[in-house]
There are 2 protein chains.
Amino acid sequence: MTFRHVVCFRWADDTTDEDVARFTEMLVGLPGVIPELRRYHFGRDAGAAEGNFDYAVAAEFDDRDGWVAYQEHPEHRRCIEYVRPLIRDRVAVQFDV
Amino acid sequence: MTFRHVVCFRWADDTTDEDVARFTEMLVGLPGVIPELRRYHFGRDAGAAEGNFDYAVAAEFDDRDGWVAYQEHPEHRRCIEYVRPLIRDRVAVQFDV
């Protein structure tokens, strides 16, 4: 089984490319410190479709406990605190596969 | 390289479990007819967090052309037509990995 987690962000008007690049750098570090992260992809919207949000994060865990460990990990909490003021909207779903 | 596509749905108030089950059945058939779909996962939100959307679809392609083939495939168009009246909100992101 796999437990999947997807999040889409829409940035606030005053969020800069540098803010987003810094956030991306922070995410790059997470798989190295959170072993429960089996797959972890993230990035800016490619501009391929109208009306999209601006950024997505997609993660896979063996089970819900893995996702909880990720949610609660201090390095991930640091990413959340960093990104919070950059966001206008956030949409998330977790689902079992 | 991988081109990723994530979509989150929030259902309309009158969307039923049967509507969602039928939509899920339709998605199950897509990898068999769209060879560009390298990985394809979808499902109802697990209820693990407050404020989530209701359903997500996560797809992977070798490149943007693969995603375009998926977007335009008649069987996928049929899924889109089916799901459109069931949706209150839809959020999508495509991104390169």
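## Strand 1 and strand 4 of chain A

Strand 1 of chain A pairs with strand 4 (residues 87-96) of chain A in the antiparallel sense, over nine bridges. Helices (H or I, at least four residues) and strands (E, at least two) are DSSP runs, numbered from the N terminus. Two strands pair if DSSP finds at least two bridges between them. Within this pairing, His5(A) lies opposite Gln94(A) of strand 4.

The model is predicted: local features need pLDDT of at least 70, side-chain atom pairs count only at pLDDT 80 or more, and totals for chains, interfaces and linings use all residues. Residues are numbered from 1 along each chain as its sequence is written, while chains are lettered from A and ligands numbered from 1 in the order in which they are written.

## The sheet of chain A

Chain A holds an open sheet of four strands in the order 2-3-1-4, with antiparallel pairing. Strand 2 (39-44) and strand 4 of chain A are the edge strands, as each pairs on one side only. From one strand to the next the twist averages 10°; for such angles, axes are lines fitted to C-alpha atoms, for helices over the stretch in contact, and angles run from 0 to 180 degrees between N-to-C directions. Strands of a sheet pair through backbone hydrogen bonds, either parallel or antiparallel.

Strand 1 of chain A also runs antiparallel to strand 3 (residues 55-61) of chain A, and seven bridges join the two. Val7(A) has Val57(A) of strand 3 as its bridge partner, and Phe9(A) has Tyr55(A). Strand 2 and strand 3 of chain A pair in the antiparallel sense over six bridges, with Phe42(A) standing opposite Val57(A).

## Buried strands in chain A

Which strand of chain A has seven of its seven residues buried? The answer is strand 3 of chain A, which is mostly covered. A residue is buried if 20 or more other C-beta atoms lie within 10 Å of its own, exposed if 12 or fewer, and partly exposed in between, with C-beta atoms placed from the backbone. In a regular strand the side chains alternate between the two faces of the sheet. In strand 3 of chain A both faces are covered: Tyr55(A), Val57(A), Ala59(A) and Phe61(A) are buried on one side, and Ala56(A), Ala58(A) and Glu60(A) on the other.

In strand 1 (residues 3-11) of chain A, eight of the nine residues are buried, so this strand is largely enclosed by the rest of the structure.

## Strands and helices of chain B

Strand 1 of chain B is largely enclosed by the rest of the structure, because eight of its nine residues are buried. It pairs with strand 3 of chain B in the antiparallel sense over seven bridges, where Phe3(B) stands opposite Phe61(B). Nine bridges join strand 1 of chain B to strand 4 of chain B, and these two strands run antiparallel. Here Val6(B) stands opposite Val93(B).

Helix 1 (residues 17-28) and helix 4 (residues 74-83) of chain B have axes that come within 10 Å and cross at roughly 170°. The two helices are therefore roughly antiparallel to each other. Angles under 35 degrees count as roughly parallel, over 145 as roughly antiparallel, 65 to 115 as roughly perpendicular and the rest as oblique. Phe23(B), Met26(B) and Leu27(B) of helix 1 meet Arg78(B), Cys79(B), Tyr82(B) and Val83(B) of helix 4. By class, this contact has six nonpolar, no polar and one charged residues. Ala, Val, Leu, Ile, Met, Phe, Trp, Tyr, Cys and Pro count as nonpolar, Asp, Glu, Lys and Arg as charged, and the others, Gly among them, as polar.

## Where the chains meet

In all, 24 residues of chain B are in contact with 24 residues of chain A; two residues are in contact if their C-beta atoms, placed from the backbone, lie within 7 Å. On the side of chain B that touches chain A, the largest share, six residues, comes from strand 4 of chain B. By class, that side has 15 nonpolar, four polar and five charged residues.

Ala56(B) lies in strand 3 (residues 55-61) of chain B. Ala56(B) counts as buried because it has 27 C-beta neighbours inside 10 Å. Leaving aside neighbours within four places in sequence, the contacts of Ala56(B) include Val6(A), Val93(A) and Phe95(A), and also Val6(B) and Phe42(B).

## How the two copies are related

The same surface serves both copies, as 100% of the contact residues of chain B recur in chain A.
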